[in-house]
Amino acid sequence: MRLNRVLWGILFLSSVVTNVPCAEPEKAMDRRETGKSARILFQDDFEAGTGEKPESWKSDAWIQDGRTVFSREEKGGRDGGRCLKIETKERENDARWVRSVELAPHAAYILRGRIRTEAVKWAQEGKIGANICVMGIGGCQSDQAERSGSYDWTAHRVDFATGDSGHVEIACRLGFTYSAVTGSAWFDDIAVEENPDVVRREGKHVYLNLYREDLEGIREANFKRWVKHLDATYEAIADLTGGRPWNGGKIGIYSCQWYPGGWAVAGNPILWMRQFVRERMDVAEREDDWVSGILHEMSHDFDEESWNFNGEFFANLKYYYALETLNGRVNGYQGKGYLKYWKSDADGSYEKAWRNPDPAKRKAHHDGLQYKWLEIRERVGWEPFKKTFRYFRSAPADRIPRDAWGKLELFHAKLTEYSGLDAWSVFTEEDRALLRSEYH
């Protein structure tokens, strides 16, 4: 699944987090460092500075009409000292105190803070009240954020990781994106500390930042084997498309505590919802499975607007190329045998969606289109596809259609030119009509 990932341009761990020593091949990954004390790198109890404005913090809000009040309370803090306050009573808002913090690049951290509230109420579509957060992570919010009403001082926590620069903005927040609220909130004892429960593993083209306990079921040697599969997949997709995302930099994979918008979401880093990590690592241990969901999101990172008439389709095509050429294994399919999934096994396969017995239910699902393009590959090989990808990457913008149907037609035209086979010849008249209905 691909989302707009400009707002995900953060996260990830580095050597600040000590790597776990390699286990013997017959042993599971070592957990001896679990539970070590965390080093606090930043603290603010809001005692510094003068007047109502706390030192180094600035106020910001979705609606800036003067009806949201930002202040520093002299005696409202958890221990009777100073604290920050946000009050918005007349109109729902997403308001926050924000400050910058400089940390190490690619390192895992925990943001902590205390919050108390009074009469917090969100709009009908909202579900997040007072919280602490790291700006730009999108779905990330405090573990206690989904509370309304009034409550006394409560600990909040956010797990996060830094990006290339180590620069982050943290916020004491009343409301959230798509969750405007009214009410009052007080904030105290904000701190950032290292996250001792996350380990970093690094390959040639990828690096992973995963929770140690989620790796209990996979031996160190087999985890390294999986990382090599990811590196090989990266190189295969680069071979197919002729490009490398992120200026050739490594792609990170981060196990996030929050819902990022799907099972995993493409970008750099790829955000992998933590609750799914352990199960897939267990399968990688037992079956040498390459984990299709992560391959799919990595493949998305190679997307380019020029050819992309359907992102899910191209993500599948690109990582299928890797599995076929490398004889990789996912979900019980091995190498070229994965073609059966697109032909008949997937709900959107050619036989189930395109050739559904009920004509009213027939649809040109992208899974079935994958099978049809693999029919073309069966006749002409991969070389015409490589040339076509490179054409789209190098062609002037005025030669590339903007609409999905135009992109599909041009891709077929270039495949035909480079292969000598009419790319449309693998489609029946009904197939073509379904495609036109889907993309025209």
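A disulfide is counted where two cysteine sulfur atoms lie within 2.5 Å. In this predicted model, a search of the whole structure returns zero disulfides. For Cys-83, the closest cysteine sulfur belongs to Cys-172 and lies 9.9 Å away, so the two are too far apart for a bond. Cys-83 is buried, its relative accessible area being 0%. Cys-133 is likewise buried, and its relative accessible area is 0%.

Cys-83 falls within strand E4, which spans residues 83-93. Strand E3 (residues 68-73) pairs with E4 in the antiparallel sense, and six bridges link the two. Within this pairing, Arg-72 has Leu-84 of E4 as its bridge partner. E4 is also joined to strand E10 (residues 181-194), again antiparallel and over six bridges.

Cys-172 lies in strand E9, where it stands opposite Ile-132. E9 covers residues 167-174 and pairs with E7 through five bridges in the antiparallel sense. Both strands belong to an open sheet of four strands, ordered E2-E5-E9-E7, with antiparallel pairing. The edges of this sheet are formed by strand E2 (58-61) and strand E7 (130-134), each of which pairs on one side only. On average, neighbouring strands of the sheet are turned by 25° against each other, direction being ignored.

A further open sheet contains five strands in the order E11-E12-E13-E15-E14, and its pairing is mixed. Strand E11 (198-202) and strand E14 (264-265) are at the edges; each has a single partner strand, so one side of each lacks a neighbour in the sheet. E11 runs antiparallel to strand E12 (residues 206-211), to which five bridges join it. Across this pairing, Arg-200 is positioned opposite Asn-209 in E12.

Helix H1 (residues 220-241) packs on the five-stranded sheet, with contacts to E11, E12, strand E13 (251-256) and strand E15 (270-273). The direction of H1 makes an angle of about 140° with that of E12. Helix H3 (residues 292-300) lies across E12, E13, E14 and E15. The direction of H3 is at about 155° to E15.

Terms used: Residues numbered from 1 in each chain as written. Predicted model: local features only at pLDDT ≥ 70, side-chain atom pairs only at ≥ 80, totals over all residues. Heavy atoms only, no water. Pairing = 2+ DSSP bridges. Contact = heavy atoms within 4.5 Å. Axes fitted to C-alpha atoms, helices over the stretch in contact; angles between N-to-C directions. Buried < 20%, exposed > 50% of the residue type's maximum accessible area, 1.4 Å probe, protein only.
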